[in-house]
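The following note was prepared for a colleague who wishes to go through this structure point by point. Please read it alongside the coordinates.

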Amino acid sequence: MSAEQCRPVALLRLQSWLSPAFPTGSYSYSHGLEWAVEAEHILDRQGLADWLKTDLCYGSGRNEAIFFSAAWRSTVHNDRATLCEIAEVAAAFRGTSEFALESSQQGAACLATLRQVWPDRVLDWLSEVLRDRGLDPALAVILGVRSARQGIPASLALPAFLQSYVVNLVTAGVRLIPLGQTDGQLAIAELEDAVLAASAQAEDATIDDLGSAAFMVDLASTAHETQYTRLFRS
């Protein structure tokens, strides 16, 4: 599956699924940034970009990319047994309760909206499997499956997914630090190489490659659970 074979309507749908207008509630999560800013680990645009770059290349962002890629690949190969395994691991592979909430609530909202607006038999099947096993859907898995079913190559879908992940967190940083809108765009631009590098690294990765070395991101999320004043749910 190549970029040249991807139909324009498929790209329009991918833009819709990753848009801030898509009702996943992504705007209400900061992925621990809120505590990192209050603790003064992030003070400016450069600090925000460095934090997110580390998360993308070595932390939970890297793992989300692997889940997306593995789900995409198993869907293309119609390997439902592997897809079930990926969905199960993704439901459990969260370092903190807030990260679990962030993934499951966005995943559930995404799955419900996709099934209603852009119905797909594989998503219907996956929804039943998750319900029967008492598992929460993970956003990366749901979008990986639907991108594959739409015929969008991983070389396009995966960087777009990670870019939406970054943009949402930069937007949170703009509100929290605070930064101006131009500084926010400069941070997004600076993260382009990290997005592409994380995408390339994850494209052929499997769930055996999961892991994180960005321990401060997990600590930030844990501390956020008891933070006194909060704008965000994570």
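Predicted model: local features only at pLDDT ≥ 70, side-chain atom pairs only at ≥ 80, totals over all residues.

1. Aromatic pairs. The structure holds 4 aromatic pairs. One of them joins tryptophan 17 and tryptophan 118, whose rings are edge-to-face, at 5.8 Å centre to centre and with 75° between the planes. Tryptophan 17 belongs to helix 1 (residues 8–18), whereas tryptophan 118 sits in the loop between helix 6 (97–117) and helix 7 (121–133); the pair therefore ties together parts that are 101 residues apart in sequence. Tryptophan 17 and tryptophan 118 are both buried.

2. A stacked pair. What is the arrangement of the rings of phenylalanine 68 and phenylalanine 161? Their centres are 4.9 Å apart and their planes meet at 20°, so the pair is stacked. This pair, too, ties together parts of the chain, here 93 residues apart in sequence, because phenylalanine 68 lies in helix 4 (residues 60–76) and phenylalanine 161 in helix 9 (residues 154–176). Phenylalanine 68 is buried, as is phenylalanine 161.

3. The surroundings of tryptophan 118. One aromatic cluster is formed by Trp17, Phe22 and Trp118. Tryptophan 118 has a relative accessible area of 18%, so it counts as buried, the limit being under 20%. Leaving aside residues up to four places away in sequence, tryptophan 118 touches Arg13, Ser16, Trp17, Phe22, Thr113 and Arg146. Tryptophan 35, by contrast, is 83 residues from tryptophan 118 in sequence and 37 Å from it in space, C-alpha to C-alpha.

4. A charge over a ring. Arginine 80 is placed over the face of tryptophan 125, and the distance to the ring centre is 4.7 Å.

5. Helix 8. Why can helix 8 (residues 139–149) be described as largely enclosed by the rest of the structure? The reason is that 10 of its 11 residues are buried. The buried residues are Leu139, Ala140, Val141, Ile142, Leu143, Gly144, Val145, Arg146, Ser147 and Ala148. They pack against helix 1, helix 4, helix 5 (80–92), helix 6, helix 7 and helix 9. Just after helix 8, glycine 151 adopts a positive phi of about 80°.

6. In soluble globular proteins, nonpolar side chains tend to be buried together. In this model the largest nonpolar core has 72 residues, and Leu33, Val141 and Val170 are those with the most contacts inside it. The element that gives the most to this core is helix 9, with 11 residues. Val141 is also among the buried residues of helix 8. Valine 170 touches Leu48, Leu52, Gly184, Ala187, Ile188 and Leu191, when residues up to four places away in sequence are not counted.

7. The largest pocket. The largest pocket holds about 740 Å³ of space. It is lined by 36 residues, of which Glu102, Gln106, Leu139, Tyr165 and Asn168 are the closest to its centre. At least two residues of the lining come from each of helix 1, helix 4, helix 6, helix 8 and helix 9. Which helix gives the most to this lining? Helix 9 does, with 10 residues.

8. Backbone features to inspect. Most residues other than glycine have a negative phi, and most peptide bonds are trans. The peptide bond from isoleucine 177 to proline 178 is cis, with omega near -10°. Proline 178 is located in the loop between helix 9 and helix 10 (181–190).

9. Histidine 31, although not a glycine, has a positive phi of about 60°. Histidine 31 occupies the loop between helix 1 and helix 2 (33–38), and it is buried, with a relative accessible area of 6%. Glutamate 40 is not a glycine either, and its positive phi is about 65°. Is glutamate 40 buried or exposed? Its relative accessibility is 57%, so glutamate 40 counts as exposed. Glutamate 40 lies in the loop between helix 2 and helix 3 (45–58).

Conventions: Residues numbered from 1 in each chain as written. Heavy atoms only, no water. Phe/Tyr/Trp six-rings, centres within 6.5 Å; stacked < 30°, edge-to-face > 60°. Helix = DSSP H or I, 4+ residues; strand = E, 2+ residues; numbered from the N terminus. Buried < 20%, exposed > 50% of the residue type's maximum accessible area, 1.4 Å probe, protein only. Lys NZ or Arg CZ within 6 Å of the ring centre and 35° of its normal. Contact = heavy atoms within 4.5 Å. Core = buried A, V, L, I, M, F, W, Y, C linked by side-chain atoms within 4.5 Å. 1 Å grid on protein atoms, 1.4 Å probe; cavity = no way out; pocket = protein on both sides within 12 Å on 5 of 7 lines; lining within 4 Å. Points joined across faces, edges and corners; volume = space filled by probe spheres on them.
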